[in-house]
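Subject: Structure handover

Hello,

Please find the structure for your first look below. Open it beside this email and follow along.

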Amino acid sequence: MENQEKIGETFETFKWTIKDLSKLNTKKLYSQNFNIGGHPWRILMYPKGNNVGYLSIYLDAGTLPCVETRFSKFKLVLINQVNDKLTQTKETQHTFNARESDWGFTSFIPLAHFYDHSKGFIVNNTCIIEAKISVSTPELEKKVDQPALPVSVQVPAEPIEHADNPLSMDMSAIPIDELVDFRGLGKIEKAFVPLLDDVCAKHPSVIGCQKKRSRRFSEWAFTALGRVLHFLKTKKARDMDEEACSHLQILWEELETFRFDLTWLEPHVQSALGMKNYMERSAKVKGVKENVAALEMEMKKLKAMVAAVEVDLELARRELVKVEEGFEERDLDGELGYGP
């Protein structure tokens with residue numbers, strides 16, 4: 001690990017080298033534990049994306065007691081091993097706690113970009129990720145390891161953000177250049193804007209019901225709606241396995257808290273959620289069809305064998321008729337004799 005000095009703060013760096021990347025057969029991968037600022041950390045990576053078509057990278061604080069919080073400003077870095085100028089760095093800050101023990105970027109870079117060896121992020125089947133954690137920011141010193149507020153006072157005026165990282169509503173975890181203003185209601189991810197524009201044109205009440213809300217509430221609301229729309233737009237029926245259905249169910253339940261009129265969207269969501277059962281039945285039907293086809297093929301082979309045996313049997317019968325002509329059966333148990 002190394003230190004990097006900046007005005008007013010110091011970042012300490014942990015480098016994680018991941019070898020034999022193509023041999024990994026796991027949904028998520030953790031680095032070894034490392035200690036920075038007197039606290040244990042590790043890096044969490046989803047090699048195939050956390051339910052998105054992007055490489056997903058997070059900083060994980062491990063298991064924290066319910067009464068402990070840990071504030072940290074940090075950077076996650078994907079090293080370009082061919083050209084340093086193309087190294088990807090994303091910075092954010094977060095107060096880690098028992099419910100939100102990991103934080104970072106679900107959409108770090110597109111998977112196609114990451115796995116394209118010509119781009120330089122993977123060399124000799126190896127990639128390198130760094131975590132740079134601030135250890136001297138005054139705000140950090142004030143916020144690290146402060147007891148959490150009693151549950152009785154943690155009552156927000158508007159819906160709280162989701163606990164699980166991929167669905168978090170903290171917009172600071174999204175790079176600024178990936179956010180755009182949406183109709184003056186707040187900053188929304190670029191990928192969601194065309195989808196939101198389309199549904200707002202078809203269903204004006206979507207905009208109307210949010211105009212009297214706070215800007216932050218509207219950002220959360222339209223981000224939640226954008227996530228559901230993006231899921232439905234980018235997923236195919238064959239993708240709806242148990243994990244995908246669970247992810248969509250969480251997105252939908254999160255969206256319902258924002259009091260949109262969703263009668264126009266619910267049938268599409270329920271249809272998508274029902275695809276799991278359809279896919280299971282489809283797989284079963286496919287398996288039975290394949291079994292029937294295999295048995296029919298085996299039957300054809302057996303019929304061909306029977307037909308060949310029948311031909312051989314008929315030839316043998318004809319041969320028997322020929323050899324029996326003029327043939328007189330004798331008592332084989334009688335004496336041979338030698339005259340009268």
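This is a predicted model: local features need pLDDT of at least 70, side-chain atom pairs count only at pLDDT 80 or more; totals for chains, interfaces and linings use all residues.

Residues are numbered from 1 along each chain as its sequence is written, and side-chain values use heavy atoms, with hydrogens and water left out.

**Strand β10**

Start with β10, residues 127–134. Helices (H or I, at least four residues) and strands (E, at least two) are DSSP runs, numbered from the N terminus. All eight of its eight residues are buried, so β10 is largely enclosed by the rest of the structure. Buried means under 20% relative accessible area, exposed means over 50%, and partly exposed is in between (1.4 Å probe, protein chains only).

In a regular strand, side chains alternate between the two faces of the sheet. Both faces of β10 are covered. One side holds Cys 127, Ile 129, Ala 131 and Ile 133. The other holds Ile 128, Glu 130, Lys 132 and Ser 134.

Which strands pair with β10? Two strands pair if DSSP finds at least two bridges between them. Strand β2 (residues 9–18) is joined to β10 by eight bridges, and the two run antiparallel. Here Thr 17 stands opposite Ile 128. Strand β7 (residues 70–78) also runs antiparallel to β10, with five bridges. Here Phe 74 stands opposite Ile 133.

**Cysteines**

How many disulfides does a search of the whole structure find? It finds zero. The cut-off is a pair of cysteine sulfur atoms within 2.5 Å. Cys 127 is buried, at 0% relative accessibility. Cys 245 is buried too, at 8%.

**Aromatic rings**

The whole structure has nine aromatic pairs. Rings of Phe, Tyr and Trp (its six-membered ring) pair if their centres lie within 6.5 Å; planes under 30 degrees apart count as stacked, over 60 as edge-to-face and the rest as tilted.

Take Phe 14 and Phe 34: their ring centres are 4.0 Å apart and their planes are at 10 degrees, so the pair is stacked. It links distant parts of the chain, with Phe 14 in β2 and Phe 34 in β4 (residues 34–36), 20 residues apart. Phe 14 is buried, at 8% relative accessibility. Phe 34 is buried as well, at 5%.

Now take Phe 217 and Phe 258: the centres are 5.4 Å apart and the planes are at 70 degrees, so this pair is edge-to-face. Phe 217 is in helix α5 (residues 215–234) and Phe 258 is in the loop between α6 and α7, 41 residues apart. Both Phe 217 and Phe 258 are buried.

Ring pairs also link Trp 41, Phe 74 and Phe 96 into a cluster.

Two lysines sit over rings. A charge counts if NZ of Lys or CZ of Arg is within 6 Å of the ring centre and within 35 degrees of the ring normal. The charged end of Lys 48 is over the ring of Tyr 115, 4.6 Å from its centre. Lys 90 lies over the face of Phe 108, at 5.3 Å from the ring centre.

**Backbone angles**

Arg 183 is not a glycine, yet its phi is positive, at about 50 degrees. Arg 183 is in the loop between β11 (179–181) and β12 (187–189). Its relative accessible area is 47%, so Arg 183 is partly exposed. Arg 259 also has a positive phi, near 60 degrees. Arg 259 lies in the loop between α6 (242–256) and α7 (266–273).

Best wishes
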